[in-house]
Amino acid sequence: MTHPLGNPPSKIVAVHLNYPSRAKERGRVPAHPSYFLKPPSSLAGTKEAIVRPSACELLGFEGEIALVIGSRAQHVAPEDGWSYVRWVTAANDAGVYDLRYADRGSNLRSKGADGFTPVGPRLLDARQVDPAGLRLRTWVNGDLVQEDTTDTLLFPFGQLVADLSRLVTLEPGDVILTGTPAGASVVQPGDLVEVEVNAGALSTGRLRNPIADGGPLAPYGAMPKADSTEREAAFGALHTPEPLLASGLADGLRSVAVATLSAQLRSRGLPHMSIDGVQPVEPRTRMVGVAHTLRYLPLREDLFKKHGTGMNAQKRAIEQLRPGHVLVMDARRDATAGTLGDILALRAKKRGAAGVVTDGAVRDSGAIDELGLPVYAAGAHPSVLGRRHVPWDTGVPIACGGALVQPGDLIVGDTDGVVVVPPELAEELIADAREQERQERFITEQVAAGESIDGLYPLGPAWRDAYENWCKGETQ
């Protein structure tokens, strides 16, 4: 394979996240850069095909800016890092997500296959360009799918060189792939991926790589496999996630009252499934969804800066929400500080959340009321969470309003409150709850007609025949 670097480098270092737009897609902002290695044998040039093994379905492209080191770098200061870069060019950090599980963290097989790092076609002299003034663009089949600039990078290029050189000596010819912006996704055999880097009027030209179908992998080793998590990671912003909750099941839970579900759970030996002390911010609210959890701990001033600021657990939980999630917050039943405000509630709605439940307080309750997002809280309070709470972790079992809530539990709310439904019981609960409510409609009619509740409520043997005849009429 030919590429513009000449001799192969001693190493290719790739950065995981560096563009704010990509960090937003991934739902996390790293405090420090993190890296993985690609073998020099993965290098390729323009017009060379990127070959997808035939059993793989998730070949991802990532348009990137590649830096080529010009002189030996060891213990370099950040302000001097750029001076060790000799060339800048375009790159495509290709990989198959189907094999990511096999070398989790190292990415060796998913990212390191032959031809999975095309670069070129031309090298730009780093001494003639501003590292904060570069523009990166990627096209798939002629459509622009990625465009970003280097003026807002999380980790500027000089910092990357310095950070790596603290422990790893960078040799002349080594390549640093500096991260990809939003828009990276999946391509298929027959597609054409093009990447270009511009520095004002200077251009690398378009790095063009068709996608080709390869033969099957030999069976002695990890074989490709893809699940919903890998598909979501591979497709990025273009991913259409599978529903968290089947529409029929959601409709079934929505068709019965929380009070009825609570009674049915109690009859099965589960009397502690209600989230006590919470009420809907908007009184006519109904809510059905899948629990995503967030846990607050009591405020400790010396730990708040570390855990309560920046992209803390609260904000991460919001950004991790998928359509159909209900964010359930453990605030230790302390309603003397807000745990959610209108901006984060709006973001939760934009993420597709089915609702929010907190056994603490909410701020901006009037604005939240107008959002149309079901929110249940123990009250309203004007203060921020730092008065009482430290956001600690997300995606863990929690206690909310006295109920144990696990990620993946079903959460159902109406004007009476909120109940937790174990997913494995949902179908039978719906059937039995509908039958209970049907009986209660019959009983209500009899009581309205003047009948005594003795033997009628709950429905006794003396009323069974009358009830069954009534049911026949209701179904006609």
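Before you click anything, one cut-off to keep in mind: contact here means heavy atoms within 4.5 Å. Also, what you're looking at is a predicted model.

Select residues 157–165, which is helix α3. Buried or exposed, what do you expect for its residues? Mostly covered, it turns out: eight of the nine are buried. Colour Phe157, Gly158, Leu160, Val161, Ala162, Asp163, Leu164 and Ser165 to see the buried set.

Switch to cartoon and trace an open sheet of seven strands, in the order β2-β1-β12-β6-β7-β9-β3, with mixed pairing. β2 and β3 (43–44) sit at the edges with a single partner strand each, so one side of each has no neighbour in the sheet. Next, zoom in on β6 and β12, an antiparallel pair joined by three bridges. Pick Leu67 and you'll find its bridge partner, Ile176, in β12.

**Stop three: two crossing helices.** Select α5 (residues 247–254) and α11 (residues 426–448), whose axes come within 9 Å and cross at roughly 40°. That angle makes α5 oblique to α11, and the crossing is left-handed. For the contact itself, show Leu249, Gly252 and Leu253 on α5, then Ala426, Glu427, Ile430 and Arg434 on α11. Colour by class and this contact splits into four nonpolar, one polar and two charged residues.

Note on methods: Residues are numbered from 1 along each chain as its sequence is written. This is a predicted model: local features need pLDDT of at least 70, side-chain atom pairs count only at pLDDT 80 or more; totals for chains, interfaces and linings use all residues. Side-chain values use heavy atoms; hydrogens and water are left out. Axes are lines fitted to C-alpha atoms, for helices over the stretch in contact, and angles run from 0 to 180 degrees between N-to-C directions. Helices (H or I, at least four residues) and strands (E, at least two) are DSSP runs, numbered from the N terminus. Angles under 35 degrees count as roughly parallel, over 145 as roughly antiparallel, 65 to 115 as roughly perpendicular and the rest as oblique. A crossing is left-handed if the near helix is turned anticlockwise from the far one by less than a right angle, and right-handed if clockwise. Ala, Val, Leu, Ile, Met, Phe, Trp, Tyr, Cys and Pro count as nonpolar, Asp, Glu, Lys and Arg as charged, and the others, Gly among them, as polar. Buried means under 20% relative accessible area, exposed over 50%, partly exposed in between (1.4 Å probe, protein chains only). Two strands pair if DSSP finds at least two bridges between them.
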